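Hello,

Here is the structure you asked about. My notes follow below it.

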Amino acid sequence: MRDDAPNSWESRADRFSLYGFTDLPTIHDRGAVVLTHGKGPYIYDVHGREYFDANSGLWNMVAGFDHKGLTETAKAQYDRFPGYHAFFGRMSDQTVMLSEKLVEVSPFPDGKVFYTNSGSEANDTMVKILWFLHAAEGKPQRRKILTRWNAYHGVTAVSASMTGKPYNAVFGLPLPGFHHLTCPHYWRYGKPGETEAAFTARMAAELEATIIKEGPDTIAGFFAEPVMGAGGVIPPSAGYFQAVLPVLRKYGIPMISDEVICGFGRTGNTWGCQTYDYMPDAIISSKNLTAGYFPMGAVILGPELAARVQAAAEAIEEFPHGFTASGHPVGCAIALKAIDVVMNEGLADNVKALAPRFIDGLKRLAENPNIGEWRGVGLMGALEAVQDKATKTPFDGKLSVSERIANACTDHGLICRPLGQSIVLCPPFITTEAQLDTMFEKLESALKKVFAEVA
Ligand SMILES: *Cc1c(COP(=O)(O)O)cnc(C)c1O
């Protein structure tokens, strides 16, 4: 399995790289998968092994790993103007064009865009914008941030505080003032006998009770992913956003849609808020924004927030925020191209066309007695392993069932992600029907193998 020679890629990776979000027992046992290149939806390791990447890298490599239009665009822009910032009233022409394009393709009739290097920083930036805005409007006490358990908003100190995962406790996070509401996952958190409609109503009632308890005038904003991605692909319970939005509106609390995964086609529409039919006040974008070909994030403010933030900035003559590489010309050129590729070169259409086959595949594998639930929309999905389907009892965590399934897939040339007790699939938008079928065949044999070992 792993090559233990001191000069092997695996040993060299172990020796000098600090692994993040990596199961270390798996590394000790199997070694890191060290990659050299990619082709379409496939990636290749230093041993020449080929893998179909059913996770699109980390959700983001939606156009695959060798899209010539994207790499040519990057090369041309590097030759033309390889880097610049967006401070002091200067910015590249690419940055101007990308902001125009992002507002054009956003659900907003008008707006303003601010750039970061990642999704985490985009969420951080949005929180700072809200703090800045409320203070400027005479409400400096409006600082608390509402998110949900299982939400993933990033890893910086602020965005990790927004993330609703127990692992952040090792960092002494969340920071004070970050509140997590119940995860709207009906299958897991619905009470016995509770209908989905009653569950959704309970989520909205909890939100309102929290707002009242904390004090409506202390809440800066509410952030939500349309579909929770890194929480394990959790679509909201039916009617969730229609139930929570009126509550937020009632108390004047801005609603921010974290579309880092859902944005640009993943759910079958350009934005997840379109799939779930709600209108946020701002959108957070990253990942698909550049199809993974450049690290970049963006805050897209809708017209109302844009006007208020602009007024707040005018009042003190500047908005004192920005990253050295905000609005990087190469990133912006790549994003412009990626948006064009996804929206106009058939990728978004392919997601729509493939989605029924993808969902059928999930449903078929969910017939397995050790799969408790399938979840998914568009081209993102998950299968949740359970020891007992009727009682939804999970496997003993020590069995590492999802890691074993993912490892068995890796052995057969399929990359998929273990997340809690589920297996997450989010193949690139360029995936063909035949590749999708092969993905499910490989996953099915891995499920059979591992469940036979542990059940
Ligand atoms: C990945 C992700 C982030 C964080 O983005 P990074 O670029 O990793 O900082 C934020 N929100 C959501 C919904 C994500 O999936």
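**Helix pair and cores**

The axes of helix α9 (residues 196–214) and helix α10 (residues 240–250) cross at roughly 20° and come within 8 Å. Axes here are lines fitted to C-alpha atoms over the stretch in contact, with angles from 0 to 180 degrees between N-to-C directions. Helices are DSSP runs (H or I, at least four residues), numbered from the N terminus. The angle therefore makes α9 roughly parallel to α10 (under 35 degrees).

This is a predicted model: local features need pLDDT of at least 70, side-chain atom pairs count only at pLDDT 80 or more, and totals for chains, interfaces and linings use all residues. Residues are numbered from 1 along each chain as its sequence is written, and side-chain values use heavy atoms, without hydrogens and water.

In α9, Thr200, Met203, Ala204, Leu207, Glu208 and Ile211 meet α10. Their partners there include Tyr240, Val244 and Leu248. Contact means heavy atoms within 4.5 Å.

Phe222 touches Tyr240, Val244 and Leu248, among others. Leu207 is also one of its contacts.

Phe222 is among the residues with the most contacts inside the largest nonpolar core, which has 98 residues. Such a core is a set of buried Ala, Val, Leu, Ile, Met, Phe, Trp, Tyr and Cys residues joined through side-chain atoms within 4.5 Å. Buried means under 20% relative accessible area (1.4 Å probe, protein chains only). The core draws at least three residues from each of domain 1 (33–66 + 346–454) and domain 2 (70–344). Those bounds come from an automatic or database domain assignment. Another core, of 25 residues, lies apart from it and includes Met126 and Ile284.

The domain centres, taken over C-alpha atoms, are 27 Å apart. Domain 1 gives 35 residues to the contact and domain 2 gives 31 residues.

Best wishes

Key:
Buried < 20%, exposed > 50% of the residue type's maximum accessible area, 1.4 Å probe, protein only. Helix = DSSP H or I, 4+ residues; strand = E, 2+ residues; numbered from the N terminus. Parallel < 35°, antiparallel > 145°, perpendicular 65-115°, else oblique. Lists of a residue's contacts leave out its neighbours within four places in sequence.
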